[in-house]
Amino acid sequence: SAFELQLDFKVSEGGNSAFTVTLSSASALPVTVNLNAASGTATLGDDFNAPVSPLIIAPLQTSASFNVATINDQLDEENAETFTITLASPLNATLGANSVGTGTINDNDNAPSITIVGASVVEGDTGTTTVSFPLTLSAVSGRNLSFTARITVVSADVVRYFIALAPTVITIPAGSLPANVNVDVVNETTH
């Protein structure tokens with residue numbers, strides 16, 4: 001008998017990914033095979049747990065199933081992370097053509113929200129002074145977050161007090177919370 005592994009399962013984060021191993025024909029002996037889990041874009045121990053191994057197919061049976069439990073975290077991640085299960089070291093059977101299965105974990109966490117906080121700076125008499133507007137995320141993200149920052153002019157008089165900030169792409173790296181949007185303010189001696 002030869003082992004075959006049903007391939008490509010998708011599961012939401014926190015669920016179980018079910019795999020089925022089949023034999024080409026039943027055996028009068030118990031058949032065992034090791035299940036080797038490997039990280040892809042999903043990390044073993046952080047995103048999923050290794051299945052119980054070895055898998056045993058009872059005598060006169062042609063299949064058995066096993067689950068791979070995924071871990072529900074609170075981290076916004078790339079939508080599809082993958083891992084593999086490889087059949088190895090069979091006893092009382094041989095490996096068939098399909099001995100590697102892929103599990104796909106679909107993230108279930110929303111992207112964090114971005115908040116900008118007001119800022120002030122003491123104006124100098126010449127040149128420019130930079131004012132930094134702090135940005136915060138509602139939660140750490142597992143991916144880089146990018147957005148475009150723009151200045152909205154609320155009064156024509158305000159224009160003479162800052163150097164125009166062209167629309168600027170700000171990227172907050174994965175795993176980070178704070179960032180800043182910097183605006184140069186024109187210093188002047190008249191008030």
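Biologist: Why does Leu60 count as exposed in this predicted model?

Modeller: Exposed means over 50% relative accessible area. Leu60 has a relative accessibility of 64%, so it counts as exposed. Leu60 is found in the loop between strands E5 and E6 (63-69).

Biologist: What makes the phi of Leu60 worth a remark?

Modeller: Most residues other than glycine have a negative phi. Leu60 is not a glycine, yet its phi is positive, about 70 degrees. Asn92 also has a positive phi of about 70 degrees and is not a glycine.

Biologist: How many aromatic pairs does the structure hold?

Modeller: The structure holds three. One of them is Phe19 with Phe66, at 5.3 Å centre to centre and 10 degrees between the planes.

Biologist: Why is the pair of Phe19 and Phe66 called stacked?

Modeller: Ring centres must lie within 6.5 Å, and planes under 30 degrees apart count as stacked. With 5.3 Å and 10 degrees, Phe19 and Phe66 therefore form a stacked pair. Both residues, Phe19 and Phe66, are buried.

Biologist: What makes the pair of Phe19 and Phe83 edge-to-face?

Modeller: Planes over 60 degrees apart count as edge-to-face. Phe19 and Phe83 have 65 degrees between their planes and 6.2 Å between centres, so the pair is edge-to-face. Phe19 lies in strand E3 and Phe83 in strand E7, so this pair ties together parts 64 residues apart in sequence.

Conventions
Residues are numbered from 1 along each chain as its sequence is written. This is a predicted model: local features need pLDDT of at least 70, side-chain atom pairs count only at pLDDT 80 or more; totals for chains, interfaces and linings use all residues. Side-chain values use heavy atoms; hydrogens and water are left out. Helices (H or I, at least four residues) and strands (E, at least two) are DSSP runs, numbered from the N terminus. Buried means under 20% relative accessible area, exposed over 50%, partly exposed in between (1.4 Å probe, protein chains only). Rings of Phe, Tyr and Trp (its six-membered ring) pair if their centres lie within 6.5 Å; planes under 30 degrees apart count as stacked, over 60 as edge-to-face and the rest as tilted.
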